[in-house]
Amino acid sequence: MCYIYGKKGIIVSNNGKGGFDMTIENNLGYTFLDKSLLNRALTRKAYALEQRQRNQACEDQEIFRTLGDAVLKAVLTDLLIKANCETRDEITRKREDLENEAALAKISRGLEIGDYIMLGAGEKKRRAHEVQSVLAETLEAVIGAIYLDGGYDTAKKIIAQLFKLQTSG
């Protein structure tokens with residue numbers, strides 16, 4: 001049995017019929033082949049450290065955030081070129097507008113990602129699941145996890161949907 005827990009309870013669970021009930025995956029429009037990637041993307045460093053102090057193996061989202069940021073930049077650049085942005089400055093300006101912290105946090109809120117983030121005790125007290133930077137970082141981590149699980153084309157499709165950009169061209 002596989003259980004991943006968040007504020008709203010079980011994120012992914014074995015439904016006893018050989019399949020999974022996937023709440024956050026439904027919100028994303030993507031089903032992970034490797035559920036551990038999603039789990040890690042939703043795990044903050046403070047939570048992982050607390051688990052390790054209890055001798056529980058737990059990896060955090062930090063490297064997934066770095067990967068997700070890079071994938072996001074590449075995909076948005078790709079999509080903007082295909083949308084006929086003609087200069088480096090135009091692409092950079094539009095990409096920065098799309099990927100700024102406030103924009104990423106807004107998308108994250110729409111997906112209800114904050115309800116699934118695994119936070120450390122101190123983060124829970126300060127309601128970090130509502131903090132713009134935490135939401136933006138976690139979305140980047142989830143994008144990194146999608147890339148690792150499904151590859152570039154899958155990540156591009158999901159990013160285009162999240163940002164409502166055309167993928168044709």
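Accessible areas were computed by the Shrake-Rupley method with a 1.4 Å probe, and for residues only the protein chains shown count as cover. On this basis the chain exposes about 9,000 Å², of which carbon and sulfur atoms supply 48%. The structure is a predicted model, in which local features need pLDDT of at least 70 and side-chain atom pairs count only at pLDDT 80 or more, while totals for chains, interfaces and linings use all residues. Residues are numbered from 1 along each chain as its sequence is written, and side-chain values use heavy atoms, with hydrogens and water left out.

The chain contains 9 helices and 3 strands, taken as DSSP runs numbered from the N terminus (helices: H or I, at least four residues; strands: E, at least two). From the N terminus on, the order of elements is β-β-β-α-α-α-α-α-α-α-α-α. Of the 169 residues in the chain, 45% are buried; buried means under 20% relative accessible area, exposed over 50% and partly exposed in between, with a 1.4 Å probe and protein chains only. A contact is defined by heavy atoms within 4.5 Å. Among contacts between residues at least 6 apart in sequence, 61% join residues at least 24 apart.

A nonpolar core is a set of buried Ala, Val, Leu, Ile, Met, Phe, Trp, Tyr and Cys residues joined through side-chain atoms within 4.5 Å. The largest such core has 39 residues, and the members that touch the most others are Phe32, Leu42, Ile113, Leu139, Ile159 and Phe163. Two or more residues each come from α1 (23–28), α2 (35–41), α4 (62–82), α6 (101–110), α8 (132–150) and α9 (152–163). Helix α8 gives the most to this core, with 9 residues. Leu139 touches Leu104, Ile107, Ser108, Leu111, Ile113 and Leu162, when residues up to four places away in sequence are not counted.

Two of the helices were compared with their expected span, which is 1.5 Å times one less than the number of residues. For α8, 19 residues should span 27 Å, and the end C-alpha atoms are 27 Å apart, which agrees. Just after α8, Gly151 takes a positive phi of about 90 degrees. Helix α4, with 21 residues, reaches 31 Å from its first C-alpha to its last, close to the expected 30 Å. Its buried residues are Phe64, Arg65, Gly68, Val71, Leu72, Val75, Leu76, Asp78, Leu79 and Leu80. An α-helix has 3.6 residues a turn, so residues three or four places apart point the same way. The cover over the buried residues of α4 includes α2, α5 (88–99), α6, α8 and α9. Just after α4, Asn84 takes a positive phi of about 75 degrees.

Aromatic pairs were assigned to rings of Phe, Tyr and Trp (its six-membered ring) with centres within 6.5 Å; planes under 30 degrees apart count as stacked, over 60 as edge-to-face and the rest as tilted. The count comes to 1 aromatic pair. This pair, Tyr30 and Phe32, is edge-to-face, with 5.0 Å centre to centre and 80 degrees between the planes. Tyr30 is buried because its relative accessible area is 11%, and Phe32 also counts as buried, at 2%.

Thr154, in helix α9, touches Tyr30 and Ile146, not counting residues up to four places away in sequence. Thr154 and Tyr30 are 124 residues apart along the chain, and their C-alpha atoms are separated by 8.8 Å. The side chain of Thr154 reaches the backbone oxygen of Gly150 at 3.0 Å. With a relative accessible area of 23%, Thr154 is partly exposed.

Gln51 is found in helix α3 (residues 45–53) and is buried, with a relative accessible area of 13%. Leaving aside neighbours within four places in sequence, Gln51 is in contact with Gln56 and Cys58.

Positive phi values also occur in loops. Glu112, in the loop between α6 and α7 (121–125), has a positive phi of about 60 degrees although it is not a glycine. Glu112 counts as partly exposed, at 35% relative accessibility. Arg127 lies in the loop between α7 and α8, and its phi is near 55 degrees, a positive value in a residue other than glycine. At 44% relative accessibility, Arg127 counts as partly exposed.

Methods: Polar contact = N/O pair within 3.5 Å; in protein donor to acceptor, adjacent residues only side chain to side chain.
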